[in-house]
Amino acid sequence: MATPTIEYVAEERTGESRIGWIALGALGVLAIAMIPGVLIYLLVTGSGVLDRTHLPTLFSTEWYPGEEIFGLVPLVLGTLTTSALGLLIAVPVGLGSVIFFRFYSPASITRLGESTLGVLSGLPSVIFGLFGTVWMVPIFGPSLLVAGVVLAMMILPTFAMLTLAAFRQIPKGTMESGAALGLRREQMIGRLALVVTRPRLIAAAGVSLTRALGEALAVEMVCGNVAAIPDGITAPVRTLTTTLVQEFEYATGAHREALHLVALAVVLLAAIGATLAVRMASKQVSS
Amino acid sequence: MCLVLFRSLLASHIALSVCGCTSDSSPETTRYLVTGSSTVAPIVQEVSEQIEATDPTFRIDVQTGGSTRGIVDTSTGRNDAGMSSRTLKPDEAEGLTVITIAYDGIALIAHADNPTEQLTAAQVRGLFTKEIRDWNAVGPHRGKVVVVNKAEGRATLEVFLEHFGLENRRIKADAVIGDNAQGVRLVSSDRNAIGYVSIGEALHAISRGVSIRLLSLDGVTPSLESVGDGSYPIRRSLYVLFSKELDERDRQLLDHLQGPEGREVISSLRFIPVANAP
């Protein structure tokens with residue numbers, strides 16, 4: 001379907017750029033096609049458990065592959081609660097630290113803070129998992145709480161870096177006119193900086209959330225992996241991705257097919273999260 | 001797959017450069033794939049390296065993926081040999097050659113600070129189902145029991161459930177672990193935890209100073225000796241599987257596994273070689 005459009009556009013170009021256009025166009029189509037490609041692959045591979053005996057179990061709260069009961073509810077809930085907790089911690093902490101670096105700290109501290117965030121955002125997630133295992137699990141036990149904190153540590157640098165970039169792009173004149181109007185520093189931050197950057201802050205939170213939803217390894221080390229509805233913040237939880245980490249290699253038959261649906265659920269959740277963030281961000285821009 | 005390809009390329013390259021013009025007289029290199037239980041894999045891996053060192057025409061690749069994978073791969077012909085750490089069901093074993101190469105015990109473990117020394121099977125059932133909620137019901141220790149269970153699909157879980165006559169849904173787990181090492185780490189970090197792992201893994205951890213202890217079961221202390229003489233009750237066999245009549249390469253691997261070098265490898269990994277057990 002997409003190819004004729006590319007041909008049409010290419011005709012308006014000179015001959016020599018035509019090949020380049022087609023090549024780039026093909027890459028573009030490939031990038032777009034990857035998402036439905038992955039979704040279709042997962043759905044087809046997991047379709048064996050979409051029959052009459054297994055389908056109803058997908059909506060139950062029990063995950064007992066040995067009995068061919070594949071309730072996705074506790075897994076989805078585990079993914080959502082751990083990610084939400086991570087975001088709930090990372091956003092205020094990240095925002096606070098960036099405001100400090102941008103508007104309060106002396107230049108030398110700002111530079112140090114920015115480069116530290118850069119290093120932190122490049123750390124592999126397993127490092128945060130190890131931290132949680134060694135320092136937090138012995139105190140709180142493997143739980144929703146520890147998983148949330150580990151995720152918060154993991155996504156905080158990403159969120160802070162994106163927020164920092166947003167603050168840097170505030171037009172100089174905006175802040176200067178604020179100062180000329182005699183606004184205090186708190187007012188400049190609250191009424192100018194945060195308002196101007198709001199769409200980008202929402203997008204930053206969305207990107208962070210998507211990372212948290214998909215994280216597997218670090219969470220698996222600290223969440224407890226019990227597939228049940230958590231009855232408190234120190235209760236163990238299991239997420240979609242940790243289920244894949246623990247069981248995929250060992251699963252056969254219907255169990256293995258069900259795990260493809262688990263993977264499908266992760267992709268869908270991440271897609272929904274990203275789409276919502278983009279929507280909210282663009283709504284903020286237009287209003 | 002890349003690795004397999006690379007290794008075979010490397011092997012043929014070495015063969016060519018060593019043999020030079022007489023390469024037509026060199027025996028053909030066999031690529032041999034073993035898949036299955038991650039418990040058995042280290043044994044086969046180490047033995048394979050020994051075989052490859054003396055016979056460069058034999059290339060053995062060992063891939064883990066659990067006992068069930070090993071069994072399915074063997075019966076569908078996707079490997080040359082399979083590994084299993086659980087007993088095969090009658091329909092699974094059909095048409096396969098199943099050979100026991102070693103024994104392994106599954107030990108109940110608790111934190112080193114927990115003074116409880118032994119449990120009966122009934123107490124173990126009570127603790128894992130949380131019918132017994134506090135340690136003081138079974139010994140001098142006080143504290144709410146923290147149950148560490150194994151993830152679905154692991155042979156250790158199946159052996160444990162079968163021995164105690166439990167269903168997985170009756171176990172009230174506070175944490176579910178993947179491999180043995182993760183279980184040892186969790187139990188060592190919680191004074192009220194109880195879990196179960198391969199005896200070899202537990203002994204290895206204790207020798208490294210990890211703060212766990214082995215619990216006696218029905219009056220028998222878990223040790224390599226008590227597993228070897230059959231007195232410790234939770235014993236499982238470690239198997240290698242072949243799909244048909246054994247060919248020359250199958251024999252070569254099996255002979256090495258059952259020979260003195262293989263038995264030494266098995267003992268060094270803290271399992272019990274079959275020949276030493278009754």
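**A walk through two chains**

Let's start at one loop. Arg270(B) sits in the loop between helix 11 (260-268) and strand 11 (272-273) of chain B. Helices here are DSSP runs of H or I with at least four residues, strands are runs of E with at least two, and both are numbered from the N terminus. Phi of Arg270(B) is near 65°, a positive value in a residue other than glycine. Is Arg270(B) buried, exposed or partly exposed? It counts as partly exposed, because it has 18 C-beta neighbours inside 10 Å. The cut-offs are these: buried takes 20 or more other C-beta atoms within 10 Å of the residue's own, exposed takes 12 or fewer, partly exposed lies in between, and C-beta atoms are placed from the backbone.

Some ground rules. This is a predicted model, where local features need pLDDT of at least 70, side-chain atom pairs count only at pLDDT 80 or more, and totals for chains, interfaces and linings use all residues. Residues are numbered from 1 along each chain as its sequence is written, while chains are lettered from A and ligands numbered from 1 in the order in which they are written.

Chain A has twelve helices and two strands. From the N terminus, the order is α-α-β-β-α-α-α-α-α-α-α-α-α-α. Its C-alpha atoms fill a box of roughly 70 × 65 × 35 Å, taken along the principal axes. Of its 287 residues, 36% are buried. Chain B has eleven helices and eleven strands. Of its 278 residues, 44% are buried.

What about contacts across the sequence? Two residues are in contact if their C-beta atoms, placed from the backbone, lie within 7 Å. Take contacts between residues at least 6 apart in sequence. In chain A, 73% of these join residues at least 24 apart. In chain B, the figure is 71%.

Next, where the chains meet. 18 residues of chain A are in contact with 20 residues of chain B. Which elements of chain A give two or more residues to that side? Helix 5 (125-140) and helix 11 (240-247) do. By class, chain A's side has nine nonpolar, seven polar and two charged residues. Nonpolar means Ala, Val, Leu, Ile, Met, Phe, Trp, Tyr, Cys and Pro; charged means Asp, Glu, Lys and Arg; the others, Gly among them, are polar.

Stay with helix 11 of chain A. Six of its eight residues are buried, so it is largely enclosed by the rest of the structure. Those six are Leu240(A), Thr241(A), Thr242(A), Thr243(A), Gln246(A) and Glu247(A).

Two of those names come back at Val262(A). Leaving aside neighbours within four places in sequence, Val262(A) is in contact with Leu72(A), Leu75(A), Leu240(A), Thr243(A) and Leu244(A). Val262(A) also matters for the core count: of the 132 residues in the largest nonpolar core, Val150(A), Val262(A) and Ile109(B) touch the most other members. Helix 6 (residues 144-168) of chain A gives the most to this core, with 18 residues. Such a core is a set of buried Ala, Val, Leu, Ile, Met, Phe, Trp, Tyr and Cys residues joined through C-beta atoms within 7 Å.

On to helix packing. Helix 3 (residues 73-104) and helix 9 (residues 198-214) of chain A pack at about 140°, with axes 9 Å apart. That makes helix 3 of chain A oblique to helix 9 of chain A. Angles under 35 degrees are roughly parallel, over 145 roughly antiparallel, 65 to 115 roughly perpendicular, and the rest oblique. Where they meet, helix 3 of chain A brings residues including Gly86(A) and Ala90(A), and helix 9 of chain A brings residues including Ala205(A) and Ser208(A). The contact divides into seven nonpolar, four polar and no charged residues.

The axes of helix 2 (residues 41-54) and helix 10 (residues 248-258) of chain B come within 10 Å and cross at roughly 115°. Val47(B), Gln50(B) and Ile51(B) in helix 2 meet Gln252(B), Leu253(B), His256(B) and Leu257(B) in helix 10. That contact has four nonpolar, three polar and no charged residues.

Last stop: two loop residues in chain A. Asn225(A) lies between helix 10 (217-222) and helix 11 of chain A. Its phi is near 60°, positive in a residue other than glycine. Asn225(A) counts as buried, with 28 C-beta neighbours inside 10 Å. Ser47(A) lies between helix 2 (15-45) and strand 1 (63-64) of chain A. Ser47(A) is exposed, with 12 other C-beta atoms within 10 Å. Ser47(A) and Leu261(A) are 214 residues apart in sequence, yet 8.0 Å apart in space, C-alpha to C-alpha.

Key: Axes fitted to C-alpha atoms, helices over the stretch in contact; angles between N-to-C directions.
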